Amino acid sequence: MKKSKRLDLIPPYLFVKIEEKKDELIKKGIDVIDFGIGDPDLPTPPHIIKKMREVLDDQVSANYPTSKGEFVFRKAVSKWYQKRFGVELNPRDEVCCLIGSKEGLAHLPFAFVDPGDITLVPDPSYPVYKICTTLAGGVPYFLPLVESNKFLPDLESIPADILKKAKILFINYPNNPTGAVADKAALTKYVEFAKKHDLLLVSDLAYSEMGYDGYKPTSVLEIEGAKDVCIEFHSLSKTYNMTGWRIGMAVGNKEAVQALATIKSNVDSGAFKAIQLAAIEALSGPQDCVEQNNKIFAERRNVLIDGLNSLDWKLEKPKATFYMWVPVPKKETSASFTEKLLDKCGILVVPGSGYGTAGEGYIRMAITLPKERIALAIERMKKENIRYS
Ligand SMILES: Cc1ncc(COP(=O)(O)O)c(C=O)c1O
């Protein structure tokens, strides 16, 4: 059997290795405190599950959906965007349903990237931007996200010859893995840059509803003229604790949304109709579940950041996402500190280097576990005298 050369370009998916390591430790009887994958431990709100139960009885759900999504779903997305961001979207051609935003992000390069084309990819970042650029024959050019620039890309540093070949600029605020946010001024800069250099601006807004202390993240589409150059990816995964349901949406520039829909119509047959109908309930129903979630995550964030700061870290509390981007002590690397936490304390974190070269020197901690477990992790670190300095 001869596999494609393309397959050799794919490193093992980061979390596959981490899950293997975790299973190994659990088998040894270790009580692992898991800050690994960003998968909410909180339940899907009951009114969404109730809707799902109801629609499952309808035979209509058993038939093929349209790959772009049912019109009623696209209309609900359009209404939600108008209510949440004040952004008008035509449900006919500016909204496409996705089988989770990962699916859409992964397919997008096949609609825009020819062999040898460049995409501008933040480093560190969600691995799909890089891998799927490569699978489409493109070449990622990495934009380091560093603390001194508030984890925003420095667009001025991109060489002219790179820009000439670039087709896409990926951005993701609120950001995985750094937890950073971008204000309207920064987003305006990205829109202007994309226009100036004829780029498709891909905004990954998976964490838009996870804001704390009154902070409400912005959609790039709120920026005037953004729709000329921007496609935005969104997901119900984190907002409504629905990661396993696989439902999301791509919205914005008509040409980009339709190009993605063309790829999708040849690859998948859309999201299960029952899930789309339940997702309408999520988007249009009561939103207090989102507030409640955020309250829980803000509390967990406080326990973790205050705890780490009591161990000599000097961390600010992130305004959004459930990711804490934590610098490792001097003399440690991302990998060595990850290993130390696991071996000495049974604490599972993700090495920052797994998200790109510029992630070296950090670990990512996802607060998808109860605050009591977070407090226990801090206790174990204290006991082992693991401090920042
Ligand atoms: C930045 C970012 N984008 C997109 C996704 C994909 O989410 P989903 O496919 O569940 O919508 C994730 C998941 O962790 C993510 O962190």
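Predicted model: local features only at pLDDT ≥ 70, side-chain atom pairs only at ≥ 80, totals over all residues.
1. β9 pairs with strand β12, residues 362-366, over five bridges in the antiparallel sense.

2. A second open sheet has seven strands. Read across, the order is β2-β8-β7-β6-β5-β3-β4, and the pairing is mixed. β2 (95-98) and β4 (139-144) are the edge strands, and each pairs on one side only. From one strand to the next, the twist averages 25°.

3. β2 and strand β8 (residues 248-252) run antiparallel, and four bridges join them. Cys-97 stands opposite Met-249 in β8. Helix α4, residues 71-85, packs on the sheet here, touching β2 and β8. The direction of helix α4 makes about 115° with that of β2.

4. β3 and β4 are joined by six bridges in the parallel sense. In this pair, Leu-120 stands opposite Tyr-141 in β4. β3 is mostly covered, with five of its six residues buried.

5. On the ligand site: 13 residues surround the ligand. The closest are Gly-100, Ser-101, Lys-102, Ser-235 and Ser-237. By class, the shell has nine polar, two charged and two nonpolar residues.

6. Ser-235 is among the residues closest to the ligand, and its place is in strand β7, residues 230-235. Is Ser-235 buried or exposed? Ser-235 counts as buried because it has 27 C-beta neighbours inside 10 Å, where the cut-off for burial is 20 or more. Leaving aside neighbours within four places in sequence, Ser-235 is in contact with Gly-100, Ser-101, Ala-206 and Gly-248. Two of these contacts, Gly-100 and Ser-101, are also listed among the residues closest to the ligand. Another of them, Gly-248, belongs to β8.

7. One distance for scale. Ser-235 and Ser-310 are 75 residues apart in sequence. In space they are 35 Å apart, C-alpha to C-alpha.

8. Finally, the whole protein. The protein has 13 helices and twelve strands. The C-alpha atoms fill a box of roughly 60 × 55 × 55 Å along the principal axes. How does the radius of gyration fit what a compact globule would have, and what is the value for the protein? With 389 residues, a compact globule would have a radius near 21 Å; the protein has 21 Å, so the two agree. Buried residues make up 48% of the 389 residues. Of the contacts with a separation of 6 or more, 74% are between residues 24 or more positions apart.

Technical notes: Residues numbered from 1 in each chain as written. Near = placed C-beta within 6 Å. Nonpolar A, V, L, I, M, F, W, Y, C, P; charged D, E, K, R; others polar. Helix = DSSP H or I, 4+ residues; strand = E, 2+ residues; numbered from the N terminus. Rg over C-alpha atoms; globule rule 2.2 N^0.38 Å. Buried ≥ 20, exposed ≤ 12 C-beta atoms within 10 Å, placed from the backbone. Contact = placed C-beta atoms within 7 Å. Pairing = 2+ DSSP bridges. Axes fitted to C-alpha atoms, helices over the stretch in contact; angles between N-to-C directions.
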